[in-house]
Amino acid sequence: MSDALHIVCPHCDAVNRIPSARLDETPRCGKCHQLLFTGHPVELNASKFRQQITRNDIPVLVDFWAPWCGPCRMVAPGVELATRELAGRLKAVKVNVDEAPGVSARFGVQGIPTLLVLRDGQPVARQVGALPAARPAPLCGATGSWRGWRPSPRPTSGSRSSTWNGRHR
């Protein structure tokens, strides 16, 4: 069963082994029997963040946001759309920067909204600022390659790494 992927349940945090061929079949958690892909981003606090990010074998889109942030509310429909359209190939989570400042500091989030794509707990792409609602969904192809995103450089003090299609913001 070498093609099995580890997927963390958004309800009970149990790690499930799912054959990659069955990811599109709406898999359920072996422990709590809830859907593993709900079609909505999972809201995480600091205590659940590590388990949800490091134990998933699929890319994780992290939306760093705050309820008072207008551009964050503009980005939310695009994140919801990506979550629905890419279920089984992408997991989306939301982190409230006011409730989990340590998580946002760990990834160098200095402005919101910030979208990060993580693989094996490490950032592979970053977008700072609002995108049009339909923009995040086509970022990932069927193979999991992210189109339109450029890899995040390692953050250095004072650097701003937000590129979209080669244009700096």
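**Entry 1: conventions and confidence**

I take helices (H or I, at least four residues) and strands (E, at least two) as DSSP runs, numbered from the N terminus. With that convention I place Pro113 in the loop between helix 3 and strand 6, and I note that the peptide bond leading from Ile112 to Pro113 is cis, with omega near 0 degrees.

I am working on a predicted model, in which local features need pLDDT of at least 70 and side-chain atom pairs count only at pLDDT 80 or more, while totals for chains, interfaces and linings use all residues. Residues are numbered from 1 along each chain as its sequence is written, and side-chain values use heavy atoms, with hydrogens and water left out.

I looked up the pLDDT, which is the predictor's confidence in each residue, from 0 to 100: the protein chain averages 80, and 76% of the residues score at least 70. Over residues 137–169 the pLDDT is below 50, although this stretch has 57 contacts in the model beyond near neighbours in sequence, a contact meaning heavy atoms within 4.5 Å. I keep in mind that where pLDDT is low, the predicted coordinates should not be read in detail.

**Entry 2: overall make-up**

I find three helices and nine strands in the protein chain, and from the N terminus on the elements run β-β-β-α-β-α-β-α-β-β-β-β. Among contacts between residues at least 6 apart in sequence, 61% join residues at least 24 apart. For burial I use relative accessible area, with buried under 20%, exposed over 50% and partly exposed in between (1.4 Å probe, protein chains only); by this rule, buried residues make up 47% of the 169 residues in the protein chain.

**Entry 3: helix 1**

Which residues of helix 1 are buried? In this helix, residues 46–54, I find Phe49, Gln52 and Ile53 buried. Seen down the helix axis, the buried residues of helix 1 fall within an arc of 90 degrees (taken from the directions from the axis to the C-beta atoms), so they line one face of the helix. I recall that an α-helix has 3.6 residues a turn, so residues three or four places apart point the same way. On the other side of helix 1, I find Ser47 and Arg50 exposed. I then checked what the buried residues of helix 1 pack against, and the list includes strand 1 (4–8), strand 3 (42–44), strand 4 (60–65) and helix 3 (101–106).

**Entry 4: the loop between strand 1 and strand 2**

Cys9 is found in the loop between strand 1 and strand 2, and I have it as buried, with a relative accessible area of 0%. Leaving aside neighbours within four places in sequence, Cys9 is in contact with Ala14, Asn16, Cys29, Cys32, Leu36, Gln52 and Lys91. Its C-alpha atom is separated by 8.4 Å from that of Arg28, 19 residues apart along the chain.

His11 has its place in the loop between strand 1 and strand 2, and at a relative accessible area of 39% His11 is partly exposed. Beyond neighbours within four places in sequence, I list its contacts as Cys32, Gln34, Leu35, Thr38 and Lys48; from His11 to Thr38, 27 residues apart in sequence, the C-alpha to C-alpha distance is 9.9 Å.

Asp13 lies in the loop between strand 1 and strand 2, and I note its phi near 65 degrees, a positive value in a residue other than glycine.

**Entry 5: two further sites**

Thr26 has its place in the loop between strand 2 and strand 3, and although Thr26 is not a glycine, its phi is positive, at about 50 degrees. I count Thr26 as exposed, at 57% relative accessibility.

Asp3 is in the segment before strand 1 and counts as partly exposed, at 38% relative accessibility. Not counting residues up to four places away in sequence, Asp3 touches Ile18, Pro19, Ser20 and Ala21, and Asp3 and Pro19, 16 residues apart in sequence, are 5.7 Å apart in space, C-alpha to C-alpha.
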